[in-house]
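Dear colleague,

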Amino acid sequence: MSLTPPSRQHRPVRVNHHDPAQRPMIVIWESTRACQLSCRHCRAEAAPGRNPFELTTDEATKLMEEVLSFGQPAPIFIISGGDCFERDDLFEIASRGVQMGLHVAVSPSGTKKLNLDSLKKLQDVGVNVISLSLDGATKESHDGFRRVPGTFENTMAGWEAARELGMKVQLNSVVARHNVMELPDIAKLVLDHGVMTWSGFLLVPTGRGVDLGALTALECEDVLNLFYDMGETVPVKTTEGHHFRRVSIQRHVLEQAGADHVEAMKLGPLYQELRKKTEALGLIEGGRRRRPPINISSGNGFVFINHVGQVTPSGFLDVPAGNVRDSSIVDIYRNSELFNGIRRADLLEGKCGMCEYKTVCGGSRSRAYNSTGNIYAEEPLCAYQPGTFPLADRVTELFQAPGQ
Ligand code: SF4
């Protein structure tokens with residue numbers, strides 16, 4: 001039996017209220033691969049110079065018009081990179097997108113170009129949301145990871161400038177062996193400086209991130225449970241960590257039953273250590289309303305267009321279903337075999353195929369593909385053995401409650 005996702009806001013998982021097979025919630029456009037950084041995990045293996053075959057200003061405009069034709073409410077259109085500030089036409093493109101009615105957000109790199117002036121220019125054309133990357137709580141760890149001195153200071157300055165302007169900030173942090181013990185410290189920065197969301201990115205072995213020391217599945221279970229613990233203090237979410245939804249459901253049910261989550265979830269020493277540090281920093285039970293994870297995944301509520309127009313289910317899943325230079329993004333998203341397949345939980349294999357949570361989780365298709373070459377393979381970073389949660393009946397009751 002697999003579960004039908006709950007639909008109410010206060011439930012442990014939020015669902016997209018629109019059919020994700022018809023309209024994505026998030027469209028990410030990799031505007032360029034040019035970037036002055038050389039980050040150790042870079043999916044795009046970004047380079048200093050721009051590729052002459054990148055989508056032009058007019059091609060980007062046509063893409064945004066097509067994105068708008070998905071229907072209302074329009075998807076969020078995120079301009080990423082590389083570093084989107086490497087494009088001279090960034091402000092023009094953002095302005096055109098906002099004018100036509102899109103919610104445009106940008107995702108710049110932590111360079112000197114990220115400053116009060118450039119953010120003010122973005123705000124002047126109607127962009128009010130940015131996402132920034134912070135992979136360590138200190139300049140030593142963040143700059144060591146990013147391999148360029150000064151990125152920590154640039155990122156912190158950009159964060160501060162965005163706050164000064166009243167912009168919303170999503171902060172993204174890679175979660176890997178080099179920084180796992182710093183997660184509570186990064187969370188403290190998040191609490192002190194304020195964000196709209198903080199997203200822990202469970203590393204996908206692609207680009208330069210292939211050999212970066214991803215955590216084991218058991219360690220991920222510890223981290224996802226820590227994220228759940230922090231959820232009443234900071235607005236934490238995950239990227240490519242879809243099993244956080246399963247953890248969120250299980251923790252919710254355990255709480256309702258007054259059961260001990262450490263024993264029920266078989267949490268390990270990493271959890272104990274991180275939890276201790278998190279408590280010491282005052283990051284538990286902070287009184288904020290928990291932000292449940294949302295039920296969207298690669299190709300199912302989410303679509304990526306790369307710098308030369310290829311359309312893939314995610315930036316970490318480099319399997320194109322078409323190119324916006326030849327076809328409409330709407331047609332590719334709704335009708336291609338790849339996108340229709342990736343939305344089908346019944347095609348999942350291994351543990352994910354047998355799992356009672358496959359319709360609310362399904363695992364990272366990007367990580368499955370990059371680890372095995374098979375898009376439908378089981379999620380390598382999930383420790384859960386399907387059918388073993390001790391309060392399975394309560395989970396079923398939760399999902400079948402009146403009004404769901
Ligand atoms: S086994 Fe797969 S579907 Fe089940 S919780 Fe883990 S990642 Fe999700």
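Which residue of E9 is the bridge partner of serine 298? The bridge partner of serine 298 in E9 is phenylalanine 302. Before I go further, please bear in mind that this is a predicted model, in which local features need pLDDT of at least 70 and side-chain atom pairs count only at pLDDT 80 or more, while totals for chains, interfaces and linings use all residues. Residues are numbered from 1 along each chain as its sequence is written.

**Strand E9 and its partners**

The names of helices and strands refer to DSSP runs numbered from the N terminus (H or I with at least four residues for helices, E with at least two for strands). Two strands are said to pair if DSSP finds at least two bridges between them. Strand E8 (residues 297-298) is joined to E9 by 2 bridges, and these strands run parallel. Strand E1 (residues 26-30) also runs parallel to E9, with 4 bridges joining them, and here valine 27 has valine 303 of E9 as its bridge partner. Strand E10 (residues 310-312), by contrast, runs antiparallel to E9 and is joined to it by 2 bridges, with isoleucine 305 partnered by valine 311 of E10. The hairpin of E9 and E10 has 4 residues between the strands, and within this hairpin glycine 309 takes a positive phi near 95°.

As for burial, a residue counts as buried if 20 or more other C-beta atoms lie within 10 Å of its own, as exposed if 12 or fewer do, and as partly exposed in between, the C-beta atoms being placed from the backbone. Because 5 of the 5 residues of strand E9 (residues 301-305) are buried, the strand is largely enclosed by the rest of the structure.

The ligand is surrounded by 15 residues, and the closest are Cys352, Cys355, Cys361, Gly363 and Cys382; a residue is taken as near a molecule if its C-beta atom, placed from the backbone, lies within 6 Å of it. By class, this shell has 7 nonpolar, 3 polar and 5 charged residues, where Ala, Val, Leu, Ile, Met, Phe, Trp, Tyr, Cys and Pro count as nonpolar, Asp, Glu, Lys and Arg as charged, and the others, Gly among them, as polar.

Glutamate 379 lies in the loop between helix H14 (365-372) and helix H15 (392-400), and it counts as buried because it has 28 C-beta neighbours inside 10 Å. If residues up to four places away in sequence are not counted, glutamate 379 touches His243, Cys352, Gly363, Ser364, Arg367 and Ala368, contact meaning that the two C-beta atoms, placed from the backbone, lie within 7 Å. Glutamate 379 and glycine 241 are 138 residues apart in sequence, yet their C-alpha atoms are 9.7 Å apart in space.

**Helices H4 and H5**

Helix H4 (residues 139-146) packs with helix H5 (residues 151-165) at an angle of about 110°, and their axes are 8 Å apart. H4 and H5 are therefore roughly perpendicular to each other. On the H4 side the contact is made by Lys139, His142, Asp143 and Arg146, and on the H5 side by Thr151, Phe152 and Glu153. Sorted by class, the contact of H4 with H5 has 1 nonpolar, 2 polar and 4 charged residues. Axes here are lines fitted to C-alpha atoms, for helices over the stretch in contact, and angles run from 0 to 180 degrees between N-to-C directions; those under 35 degrees count as roughly parallel, those over 145 as roughly antiparallel, 65 to 115 as roughly perpendicular and the rest as oblique.

**Backbone points to check**

Most residues other than glycine have a negative phi, and most peptide bonds are trans. The peptide bond from glutamine 72 to proline 73 is cis, with omega near -10°, and proline 73 sits in the loop between helix H1 (57-68) and strand E2 (76-80). Glycine 81 and glycine 82 are likewise joined by a cis peptide bond, with omega about 20°.

Lysine 266, a residue other than glycine, has a positive phi near 50°; it lies in the loop between helix H9 (261-264) and helix H10 (269-280), and it counts as partly exposed because it has 14 C-beta neighbours inside 10 Å. Glutamate 285 has a positive phi of about 50° although it is not a glycine, and with 12 C-beta neighbours inside 10 Å it counts as exposed.

With best wishes
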